[in-house]
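Open the model in your viewer and keep the selection tool at hand.

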Amino acid sequence: MQGKASFVAKQEGILAGLDVALAVFQRFDNTLTAKSYIQDGERLRPDDLIATVSGRMNPLLKSERTALNFIRMLSGTATVTAEYVQEVDGYDVRIVDTRKTTPGLRALEKYAVRVGGGYNHRQNLGDGILIKDNHIEALNAFGMSLGDVVRKANREKSHTINVEVEVEDLAQVEEALEAGAKILLLDNMEPEEMAVAVRMASGKAVTEASGNITLRTVRAAAASGVDLISVGALTHSAKGLDISLDFTS
């Protein structure tokens, strides 16, 4: 039996993952033919025809759910990223993701963040040194302070890697800067405190706001003057965009 399946948008959002979805059909049957009408990064509106896939109905039906899972998930990530980017419009700041991704799907989810206008933080632990509270707490057992930990990292790192350190108050900001940290992750700070930290770090380090950033609070964080705002919710909490696959025989 021959037929055709059509991807149709059911709500407004940003398309991402179409190539991945179409590749699912090719994995089941490489004789299936596809035609795209909208590309990744374009805005969808209800009832927009995104793409069609034609050929044998058996592989079309086998592929349906997996293909939809990819395109819905990735479009949802791109859409929520675009919402955060829009919220900080007018400020010289980047919305970045985190490593809080679905196991096995990090590359795809980070791709969707870029499609939505955001930027990628580290892909993995080898992309940079990020000293967080748990690292500092662990090394406290050896009598090391935050500054000691930063200096140790700077001594032992490759020249191609920067050291970022999570700080929770202005005293830690000062200590991290004196030790040579090049990026400060301002964890759960109020916008007023972040603004002071930004002034302290001016010309010395990049500043990143992080911790419970939401659409309601992101603009205030941007107004503090930080360079980056990291949002775990872009990947760990994004709701799939409503896209259907409609069949005709």
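Select helices α1 and α2 in this predicted model: α1 passes α2 in a right-handed crossing. Helix α1 covers residues 18–28, and its axis comes within 8 Å of that of α2, with a crossing angle of roughly 160°. Angles over 145 degrees count as roughly antiparallel, and α1 and α2 are therefore roughly antiparallel to each other.

Now show side chains at this contact. From α1, pick Leu18, Val20, Ala21, Val24, Phe25 and Phe28. They meet a set of α2 residues: Pro59, Leu60, Lys62, Ser63, Glu64, Thr66, Ala67, Phe70, Ile71 and Leu74. Coloured by class, the contact of α1 with α2 shows 12 nonpolar, two polar and two charged residues.

Helix α2 runs over residues 57–87, which is 31 residues. Then centre on Glu64, where α2 bends by about 45°. Glu64 is also among the α2 residues that meet α1.

Bring in helix α3, residues 106–115. How do α2 and α3 cross? Their axes come within 7 Å and cross at roughly 45°, which makes α2 oblique to α3. The crossing of these two helices, α2 and α3, is right-handed.

For the side chains here, select Phe70, Met73, Leu74, Thr77, Ala78 and Thr81 on the α2 side. On the α3 side, their partners are Leu108, Glu109, Ala112, Val113 and Val115. The contact of α2 with α3 is made up of eight nonpolar residues, two polar and one charged.

Zoom in on Phe70, a residue of α2. Phe70 is listed in the α2 contact with α1 and in the α2 contact with α3. Which residues does Phe70 touch beyond its neighbours within four places in sequence? They are Val20, Val24, Leu105 and Leu108. For a distance across the model, draw a line from the C-alpha atom of Phe70 to that of Glu156: the separation is 41 Å, for residues 86 apart along the chain.

Glu156 belongs to the residue range of helix α5, 146–156, so select α5 next, together with helix α6, residues 170–179. Their axes are 8 Å apart and the helices pack at an angle of about 30°. Angles under 35 degrees count as roughly parallel, and α5 and α6 are therefore roughly parallel to each other. The crossing of α5 past α6 is right-handed. Show Leu146, Gly147, Val150, Arg151 and Asn154 of α5 against Gln172, Glu175, Ala176 and Ala179 of α6 to see the contact. By class, the α5 contact with α6 has four nonpolar, three polar and two charged residues.

Last stop: His121. Where is His121 found? His121 is in the loop between α3 and β7 (129–131). Leaving out residues up to four places away in sequence, His121 touches Val96, Asp97, Lys110, Glu164 and Glu208. Of these, select Lys110: the C-alpha atoms of His121 and Lys110 are 8.9 Å apart, and the two residues are 11 apart in sequence.

Key:
Residues numbered from 1 in each chain as written. Predicted model: local features only at pLDDT ≥ 70, side-chain atom pairs only at ≥ 80, totals over all residues. Heavy atoms only, no water. Helix = DSSP H or I, 4+ residues; strand = E, 2+ residues; numbered from the N terminus. Expected span 1.5 Å × (residues − 1). Bend = angle between axes of the 7 residues up to and from the residue. Axes fitted to C-alpha atoms, helices over the stretch in contact; angles between N-to-C directions. Parallel < 35°, antiparallel > 145°, perpendicular 65-115°, else oblique. Left-handed = near helix turned anticlockwise from the far one by under 90°. Contact = heavy atoms within 4.5 Å. Nonpolar A, V, L, I, M, F, W, Y, C, P; charged D, E, K, R; others polar.
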